[in-house]
Amino acid sequence: MFPRRAPHTILLIALLIIPAALTAGTAAAASSATARIAAAGQYPGATVNAIGQSQCAKPLAERSGNWLCPASPIPASIASSNEGYCKIQGCWYVYSEVASGYSATGYFGYGDRQLGEVQLYFEVTLNGAHSLSRPVRFESSVAVVNLIFEGNRLLYTPRYPAGIPVGGAGNSHLAGNIPAGETVQWTPNGYKAYYNKASEQSVWHEWSWNMADHPGTWYFWAKSVKFIDVGEGTYHFGHDDDLGENPAGSGYSNG
Amino acid sequence: MGEQLLGSPRPGHGRVFVNCTRQGEWWASWQDDYPDDEVRDGEPDAGVEDFEGTQDEVIRWARTRPAEKFFIFSDEAHAYLPLEPADAAELPAAAEHRYVTARAGSKQTVIPPPPATPG
């Protein structure tokens with residue numbers, strides 16, 4: 001959410017995405033899961049730099065503060081047999097014209113200590129202009145608390161190559177405290193959204209969590225492969241590398 | 001820009017789409033775009049209802065919607081094909097408790113559809 005972004009980024013987004021951005025910004029100082037979920041679904045916008053991510057370029061022994069670093073591609077046990085399109089932020093898959101997935105691995109820590117590893121996955125199925133994200137999945141090598149899944153539908157225009165959220169389409173799910181090694185999903189039905197007023201769209205998801213013994217919130221977000229209007233009220237996914245700008249990000253916030 | 005308020009589909013209008021996820025979960029969605037001249041600011045501009053269940057339940061639900069057009073996604077054709085009508089009596093009854101709507105998992109505003117245009 002916005003409190004995790006650099007101040008200049010917040011200002012830029014606020015100018016572009018009012019009033020949604022302002023609503024999210026109101027929750028900037030809040031630190032509880034309740035406040036986080038109250039601000040859920042407020043897609044972060046064209047984020048470029050995330051607090052804590054600058055630590056990823058440093059050796060572990062030289063890191064300070066909180067950090068979360070992507071390290072994809074993820075293990076074969078999680079990934080699909082579909083090879084997909086992979087970057088350091090994750091892998092994107094197109095299974096058919098109406099089904100696409102995303103997977104990633106991230107390592108998060110505090111100072112010179114790696115606390116854990118997370119495995120992330122979501123899959124989107126299209127039905128006309130309706131999207132269903134299921135499963136939206138999370139697994140951590142260590143116990144985490146206040147895990148929140150978030151979702152939003154994005155639309156793209158030449159002015160918004162990174163996508164902007166569809167108003168009112170955001171949603172979230174508080175999964176709560178998750179034991180180490182347990183795979184959890186957005187239950188019971190995942191995330192659904194409907195929008196048919198833009199020819200290019202995607203679905204955005206974020207996972208955010210706290211640690212019992214450390215301050216702050218770690219987060220990881222990603223956008224699906226873009227899907228386009230093919231007529232008769234239906235949308236199809238493009239190629240697995242057909243991504244908007246800034247297709248994924250991760251980091252840490254004080255909130 | 002980019003906001004859509006949702007209401008209910010209007011009988012006699014819209015398209016019903018049927019699809020199956022890669023996990024084998026069947027899902028139908030009835031989607032009706034309201035005419036622009038019937039939509040005022042702050043009111044829904046589309047109606048959506050959806051349903052999940054077994055293949056038979058979902059196809060029965062789809063075929064029994066009073067929509068205008070009906071489609072089912074074909075992995076072989078890589079596209080939606082017309083959902084051919086069938087004798088509804090041959091299909092098992094849909095389990096109403098499995099009925100879900102787009103609104104159930106979304107914050108999208110739901111307001112009743114606009115009144116029918118006189119004449």
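A disulfide here is a pair of cysteine sulfur atoms within 2.5 Å. Keep that cut-off in mind.

One caution before we go on. What you see above is a predicted model.

So, how many disulfides are there over all chains? By that rule, two. Let's take them one by one.

Start with Cys56(A) and Cys69(A). Their sulfur atoms sit 2.0 Å apart. That is within the 2.5 Å cut-off, so the pair counts as a disulfide. Is the link left-handed or right-handed? The angle about the S-S bond is -95 degrees, and the link is left-handed.

Where are the two ends? Cys56(A) is in the loop between α3 (33–38) and β1 (66–70) of chain A. Cys69(A) is in strand β1 of chain A. The bond therefore ties together parts that are 13 residues apart in sequence.

Now accessibility. Cys56(A) has 24% relative accessibility, so it counts as partly exposed. Cys69(A) has a relative accessible area of 7%, and it is buried. The line between the two classes is 20%.

Next, the other pair: Cys86(A) and Cys91(A). Here the sulfur atoms are 1.9 Å apart. The torsion about the S-S bond is about 110 degrees, so this disulfide is right-handed. Cys86(A) is partly exposed, at 34% relative accessible area. Cys91(A) is buried, at 2%.

How do the bonded cysteines of chain A pair up in sequence order? The pattern is 1-2, 3-4.

A quick word on a cysteine in chain B. Cys20(B) has 26% relative accessibility, which makes it partly exposed.

On to the contact between the chains. Chain A puts in 40 residues, and chain B puts in 34 residues. Together they bury about 3100 Å². Of that area, 47% is on carbon and sulfur atoms.

What about charge pairs? There are seven salt bridges between chain B and chain A. One of them joins Glu232(A) to Lys69(B). In that bridge, the closest N and O atoms are 3.6 Å apart. The cut-off for a salt bridge is 4 Å, so this pair qualifies.

Polar contacts next. Between chain B and chain A, 20 residue pairs are in polar contact, with both residues at pLDDT 80 or more.

Which strands of chain B each supply at least two residues to the side that touches chain A? They are β2 (15–20), β3 (26–33), β4 (46–53) and β5 (69–74). Of these, β3(B) gives the most, with five residues.

And the make-up of that side of chain B? It divides into 13 nonpolar, eleven polar and ten charged residues.

Last stop, Tyr235(A). This tyrosine is in strand β15 of chain A, residues 234–237. Is Tyr235(A) buried or exposed? Its relative accessibility is 2%, so it counts as buried.

For a sense of scale in chain A, take Tyr235(A) and Pro59(A). They are 176 residues apart in sequence. In space, C-alpha to C-alpha, they are 44 Å apart.

To recap: two disulfides over all chains, and seven salt bridges between chain B and chain A. Again, this is a predicted model. Thanks, everyone.

Technical notes. Residues numbered from 1 in each chain as written. Chains lettered and ligands numbered in written order. Predicted model: local features only at pLDDT ≥ 70, side-chain atom pairs only at ≥ 80, totals over all residues. Heavy atoms only, no water. Contact = heavy atoms within 4.5 Å. Buried area = accessible area lost by both parts, 1.4 Å probe. Salt bridge = Lys/Arg side-chain N within 4 Å of Asp/Glu carboxyl O. Polar contact = N/O pair within 3.5 Å; in protein donor to acceptor, adjacent residues only side chain to side chain. Helix = DSSP H or I, 4+ residues; strand = E, 2+ residues; numbered from the N terminus. Nonpolar A, V, L, I, M, F, W, Y, C, P; charged D, E, K, R; others polar. Buried < 20%, exposed > 50% of the residue type's maximum accessible area, 1.4 Å probe, protein only.
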